[in-house]
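Please keep the sequence and the 3D view at hand while reading.

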Amino acid sequence: MKILVVGAGIAGLAAARALELKGQHVEVVERFETSPTSGQGIFLLGNATRALKNLGLQKEVIEASFPIASQQILSSSGLVLNSVATQSVWGNCGPCVALPRASLIELLGRSLQSTSVSYGKTLTSTAISDDKRQVSFSDGSTSEYDLVVGADGIHSPLRNANFEATAPRPLDIVSWRLVVDNLGELDSWTVMLGRKRTLLGIPLSRKQLYIYADCSPRDFQDGSIETLKDLFSQFKGPLGPAISGLTPDVITHRAMLAEVAAKPYAAERLVLIGDAAHASSPSMAQGAGMALEDALILAESLSRPEASASVLAAFYARRKARLEWVQKQCAARDKLRNSSNFLRNLILSKFGNTLYQHSYMPLAQPL
Ligand SMILES: Cc1cc2nc3c(=O)[nH]c(=O)nc-3n(C[C@H](O)[C@H](O)[C@H](O)COP(=O)(O)OP(=O)(O)OC[C@H]3O[C@@H](n4cnc5c(N)ncnc54)[C@H](O)[C@@H]3O)c2cc1C
């Protein structure tokens, strides 16, 4: 099959890798000159590293990562509410790790052997003709494909043009992401929760700490570093001091969070994967994991002999339960995070481990 993948993010590059491993002929187009790496760090749970293993890349990913053996939840005053050993859920699945986004993108890109990746080239339109996908590009060229895979992100132009109006739903959360010095040599995933404010630190190494902070759009104001410092000035150690000394020039990625409800985005010789099909709140840290799993299951489905339409339906049927589970759990986590400090802290200190097991255990099961 001749396959076009639109978008060279995690989903697009992983799909190209998975399809290539199944012997498919793949082309990737990316509208920008480089793949997206904004957002600084990324946390991968065991199902994501298992998927990378299936793509033949787990060793390289582990070499580029910091191992995350435990996840701690603290109040804004530094009281430990819950601590869970990641091994307890992911032990038989895959290791939990954190790494710079650029490293993950780079090793996915480097893994491609026969795939051509064209940067600075945008898909401008596509239509079905003679049972093929005709595609026009921004450089004026046209081509036809047996399948177009839309891995074109949360604002997916392919979703907007080919499926019922499905604008991403705002989540009423705005975030900052940046990398700071790992002053206290934090060695576990550590989140501190305040009233409608979250401050998360994930070590990328003994020297570097990836920080994610969020608040409501109203509190975000101008999104400046001064606002970030003000909002979290009452947060104690270990994370408060990590941001109190920030200077305005620190490279910061800001995002208004939104989600795309998971649905079967499949039309004639066209299918969507990754954020284009199911962007979710980051509270389960499953964006990359779901994108990598999409890639594997799509490639596996396409290597079957059935007709294109039933292959795409079968692909979604295999993904549905996991995608819906992640979105349901994200909503539950966001709701709990935003409940009163007293109730949330009580629930997390009494039931934190049970909730962790409950939300992640199904994802640790075989694909
Ligand atoms: C604040 C935040 C924190 C997160 N943290 C984590 C985390 O710790 N762990 C985790 O697993 N996930 C995390 N995620 C989710 C994760 O980042 C995403 O799920 C993942 O990056 C999505 O990848 P993608 O390839 O689907 O989309 P994208 O990375 O958006 O890539 C889409 C690409 O398509 C290109 N494109 C679009 N239209 C066209 C066109 N017409 N022609 C050519 N190219 C086109 C775009 O330029 C872009 O490069 C987080 C998300 C957010 C918002």
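**Rings, cysteines and strands**

Phe-163 is buried, and Tyr-265 is buried as well. The model is a predicted one. A search over the whole structure returns 6 aromatic pairs.

Trp-176 and Phe-220 form a tilted aromatic pair, with the centres 4.5 Å apart and the planes at 45°. Trp-176 is in strand β13 and Phe-220 is in helix α7 (residues 217-220), so this pair ties together parts separated by 44 residues in sequence. Both Trp-176 and Phe-220 are buried. Elsewhere, ring pairs join Trp-90, Tyr-356 and Tyr-360 into a cluster.

Rings also meet charged groups. The charged end of Lys-2 sits over the ring of Tyr-145, at 4.6 Å from the ring centre. For Lys-121, the charged end sits over the ring of Phe-137, 4.5 Å from its centre.

Strand β13, which holds Trp-176, also takes part in strand pairing. β13 pairs with β16 in the antiparallel sense, over 8 bridges. Within this pairing, Asp-181 has Gln-208 in β16 as its bridge partner. Strand β16 (residues 208-215) is mostly covered, with 7 of its 8 residues buried. β16 is also joined to strand β15 (residues 197-203) by 6 bridges, and these two strands run antiparallel. Leu-199 has Ala-213 of β16 as its bridge partner. Between β15 and β16 there are 4 residues, and the two strands form a hairpin.

How many disulfides does the structure hold? The count is 0. A disulfide is a covalent bond between the sulfur atoms of two cysteines. For Cys-215, the closest cysteine sulfur is that of Cys-330, and because the distance is 19 Å, it is too far for a bond. Cys-330 is likewise in no disulfide, as its nearest cysteine sulfur, in Cys-96, is 16 Å away. Cys-215 has 2% relative accessibility and therefore counts as buried. Cys-330 has 1% relative accessibility, so this residue also counts as buried.

How values were computed: Residues numbered from 1 in each chain as written. Predicted model: local features only at pLDDT ≥ 70, side-chain atom pairs only at ≥ 80, totals over all residues. Heavy atoms only, no water. Phe/Tyr/Trp six-rings, centres within 6.5 Å; stacked < 30°, edge-to-face > 60°. Buried < 20%, exposed > 50% of the residue type's maximum accessible area, 1.4 Å probe, protein only. Lys NZ or Arg CZ within 6 Å of the ring centre and 35° of its normal. Disulfide = S-S within 2.5 Å. Pairing = 2+ DSSP bridges.
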